Amino acid sequence: MYAIIATGGKQYKVAEGDVIRVEKLDVEAGNTVTFDKVIAISNDGLKVGKDVEGASVSATVMEQGRGKKVIVYKYKRKSGYHKKNGHRQAYTQVKIDKINA
């Protein structure tokens, strides 16, 4: 059994026991979070639309963190312009506990 959930502008295919990294959520480690935006559920056939109204996925927050640094480098030839910048994206790591169909 798996579900497709939407959070942080992205969609994730999850099953019970999976550990995924999603866009940063404002929840402390150890707490439980519920994803109410369920797009599809597969359990002996795919259910979408009105068939998944009221469905949810519950997960436990494992950690808050930041990803690896991505270097952004801007350069214009002949003018001497160059700019180096770095970015580390914040994430929340969650473990999927239960899919409530």
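Reader: Let's start with aspartate 44. Where is the place of aspartate 44?

Author: Aspartate 44 is in the loop between β5 and β6. Keep in mind that this is a predicted model.

Reader: Is aspartate 44 buried or exposed?

Author: Exposed. Its relative accessibility is 83%, and the cut-off for exposed is over 50%.

Reader: What's the phi of aspartate 44?

Author: Near 60°, which is a positive value in a residue other than glycine. Most residues other than glycine have a negative phi.

Reader: What do β5 and β6 form around that turn?

Author: A hairpin, with 3 residues between the two strands. The pairing of β5 (residues 38-42) with β6 is antiparallel and runs over 3 bridges.

Reader: Which residues face each other there? Start with the bridge partner of alanine 40 in β6.

Author: That partner is valine 48. Isoleucine 41, in turn, stands opposite lysine 47 in β6.

Reader: How many residues of β5 are buried?

Author: 4 of the 5, so β5 is largely enclosed by the rest of the structure.

Reader: OK, zoom out. What is the order of the strands in that sheet?

Author: β2-β1-β5-β6. These 4 strands make an open sheet with antiparallel pairing. The edges are β2 (10-15) and β6 (46-48). Each has a single partner strand, so one side of each has no neighbour in the sheet.

Reader: How far are neighbouring strands turned against each other?

Author: By 20° on average, ignoring direction.

Reader: Next sheet. What's the order with β3 in it?

Author: β3-β10-β7-β4, another open sheet of 4 strands, paired antiparallel. The edge strands are β3 (19-23) and β4 (32-35). With a single partner strand each, they too have one side left without a neighbour in the sheet, which is why they count as edges.

Reader: What does the twist average there?

Author: 45° from one strand to the next.

Reader: How many bridges join β3 to β10?

Author: 5, with β3 and β10 (residues 90-100) running antiparallel.

Reader: Side chains now. Which ring does the charged end of arginine 21 sit over?

Author: The ring of tyrosine 91, at 4.0 Å from its centre. Lysine 13 has its charged end over the ring of tyrosine 2, 4.4 Å from the centre.

Reader: How many aromatic pairs does the count come to?

Author: The count is 0, with ring centres having to lie within 6.5 Å to pair.

Reader: Back to loops. Which residue has a phi near 70°?

Author: Lysine 78, another positive value in a residue other than glycine. Lysine 78 sits in the loop between β8 (70-76) and β9. Its relative accessibility is 78%, so lysine 78 counts as exposed.

Reader: Last thing, confidence. What pLDDT does the chain average?

Author: 95, and 100% of the residues score at least 70.

Reader: Where is confidence lowest, and where highest?

Author: Lowest in β6, with a mean of 93. Highest in strand β9 (residues 81-87), at 98.

Definitions and conventions. Residues numbered from 1 in each chain as written. Predicted model: local features only at pLDDT ≥ 70, side-chain atom pairs only at ≥ 80, totals over all residues. Heavy atoms only, no water. Pairing = 2+ DSSP bridges. Axes fitted to C-alpha atoms, helices over the stretch in contact; angles between N-to-C directions. Phe/Tyr/Trp six-rings, centres within 6.5 Å; stacked < 30°, edge-to-face > 60°. Lys NZ or Arg CZ within 6 Å of the ring centre and 35° of its normal. pLDDT = per-residue confidence, 0-100. Buried < 20%, exposed > 50% of the residue type's maximum accessible area, 1.4 Å probe, protein only.
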